[in-house]
Amino acid sequence: MNSLNLNRVAFVLLFFTSFEIFAQQQDYIIGRLFDSQSNEPVVFANIRIKDRALGIITNVDGGFRIPLKYREYGNIIEISSMGYETKEIPITDFSQTELNVLSLNPAVFGLDEAVVKAKGKRNRNLSAKQIVQRAIEAIPRNSPSNYFSSIGYYRDYQLNDDQQYVNLNEAILEVFDQGFDQLDDATSETRLFQFGLNNLFGQDSLARAAYNYGSLRKIIKKAHLDAYGGNEFRILRIHDAIRNYNVGSYDFIGTLKTDFIENHFFLRGSDTSVDTEELYTIKFWVFYPNYRANGTIYISKLDFAIHKLEYTMYDEKKRNKTGKRNKHGNKKKVIFDITTDYRRINNKMYLNYISFYNSFILNIPPVFKVDYATINFARRCFMVEYNSIPEAKQSVHLPNYKVEFKKKRVKLKHAGRWKNKIFLNPKMKEIEITKMLSEFAKAIKKGTDLNDLLSIKVSNVRDTIGNLVNKWTQRDYKQFREFFVQRVRLGQTAPEDSLFMNKRKPIFEDQPTAKPSDFEDYWMNTPLQSTEN
């Protein structure tokens, strides 16, 4: 069977025009990876030179870029993903001038194969909960206790309502880890090789701002995300529940070692495999009045090593915008989704990639608003001043204004407009107006807040282009943080210098960089820009 399924070019053209993309990617082989049965993208698949640790991970749309210099390291590209048959393709079979469309075949095992061979004991079937318990207990045994480093591509970005990438930050970095018997956040160090904002993608300054639960300008609904100094990479590392198995990670995982089993229900799924290694598939879930969480954990039949942990929390009270069922069969809105994938090197498990996605709400201030409302002594009336010109008829319609003096409603008899100012004449006797103005004058002299005396509320007024007065709008965004390991260095200790990332400030804010001699071996696996129809 031809590995490069070029008969699907018509399908690909729905996503983007190849000429523009390849004109910008002359140093790379460009492609996309799909499921051969469902035609869905294969997300986060491994694409590596056979028998070498160097490789890349496919993006959320199945897209990938292979540097042409891969030809220097080997002749065979090996493509693998959890639940699929591994595929090998000669690098010479890839086109350098056209989109390469590849597919993987699903590989599924039956439940009858799920028998654990425990050392020193007779064969026995284990429940889903028992398998997970053994996997957690085996983390220290299956994880590196010695120094190592992971070099890879990091990015954080957002998807707006139009599913467009905005605020794409990218970096190549190296994490120096002292081993799983040490606390990661306290002992690991990170060195940046290169980082920056990708200006080829859109920018949105409002979405870029920090979460603000005080003003509610930018929030995660029904969740709270600690800022950790605004360092998005640090946030991502803390949400690796496997690396941080003995400390708190995230709701409702808690501390994986002590809380995970107690907090969830478990069920055996169909067994699967990765790189010829057979895995248990354990599905788990938990329900609360306002939340639900679903996930899957993939565990080796060989030694109970955890290969992958998928976890999604949903808002039980809110449906998603598409109205379609998600991967867990419900239509609830995602609060956050985390995927952590590990791979085996010298019989120990090392991070392969981690992706952390959360939804957030951006509350946008009114475009058209009242700058201030006060008393006008010269005209002996109330005055409302807008920040732009209001529509003429609506702006002088008296029912659109509610005026209270000393918490009592004031009737109005007339409204007049001059540019962006509206003058509201009270329906009062002159002696009553004089008395009211006198009270305002005394309040001003004493420094009293006039809001204690006067309240003017405005509704149903629009500006000349249709913006409703004082109308806040709400936008939904998706925030992604992702790290894809391209190389693991065993026994690698941190250099004895101070050129490490400051964890207490944003990764893209005046951080030191230090490029190694082999810097050209690593690259930004920037998402493919598309022209979707």
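**Entry 1, Asp 35.** I began with the side chain of Asp 35, which makes a polar contact with the side chain of Tyr 84 at 2.7 Å; a polar contact here is a pair of N or O atoms within 3.5 Å, where within protein one must be able to donate a hydrogen and the other to accept it, and residues adjacent in sequence count only if both atoms are side-chain atoms. I noted that this is a predicted model, in which local features need pLDDT of at least 70 and side-chain atom pairs count only at pLDDT 80 or more, while totals for chains, interfaces and linings use all residues. Residues are numbered from 1 along each chain as its sequence is written, and side-chain values use heavy atoms, with hydrogens and water left out.

I placed Asp 35 in strand β1, residues 28-35, taking helices (H or I, at least four residues) and strands (E, at least two) as DSSP runs numbered from the N terminus. Asp 35 counts as buried because its relative accessibility is 9%; buried means under 20% relative accessible area, exposed over 50%, and partly exposed in between, with a 1.4 Å probe and protein chains only. Leaving aside neighbours within four places in sequence, I found Asp 35 in contact (heavy atoms within 4.5 Å) with Glu 40, Val 42, Tyr 84, Leu 104 and Pro 106. I also looked up Asn 105, which is 70 residues from Asp 35 along the chain, and the C-alpha atoms of the two are separated by 6.4 Å.

**Entry 2, the sheet holding β1.** I traced an open sheet of three strands in the order β4-β1-β7, with mixed pairing, where two strands pair if DSSP finds at least two bridges between them. Its edge strands are β4 (63-67) and β7 (100-104), each of which pairs on one side only. Strands β1 and β4 run antiparallel and are joined by five bridges, and I noted Arg 65 in β4 as the bridge partner of Ile 30.

I then followed an open sheet of four strands, ordered β3-β2-β5-β6 with antiparallel pairing, whose edge strands are β3 (55-57) and β6 (87-90). Strand β2 (residues 46-49) pairs with β3 in the antiparallel sense over three bridges, and Arg 48 stands opposite Gly 55 in β3.

I found Asn 160 in the loop between β8 (148-159) and β9 (165-177), and it counts as buried because its relative accessibility is 13%. Its side chain reaches the backbone nitrogen of Gln 164 at 3.0 Å, and, leaving aside neighbours within four places in sequence, Asn 160 is in contact with Val 166, Asp 476 and Tyr 477.

I looked next at the largest nonpolar core, which has 64 residues, of which Val 132, Leu 173, Phe 233, Ile 282, Ile 299, Tyr 311 and Phe 483 touch the most other members; a nonpolar core is a set of buried Ala, Val, Leu, Ile, Met, Phe, Trp, Tyr and Cys residues joined through side-chain atoms within 4.5 Å. Strand β20 (residues 348-364) gives the largest share of this core, eight residues. Another core, of 26 residues, lies apart from it and includes Leu 33 and Ile 47.

I recorded 10 helices and 28 strands, and buried residues make up 51% of the 533 residues.
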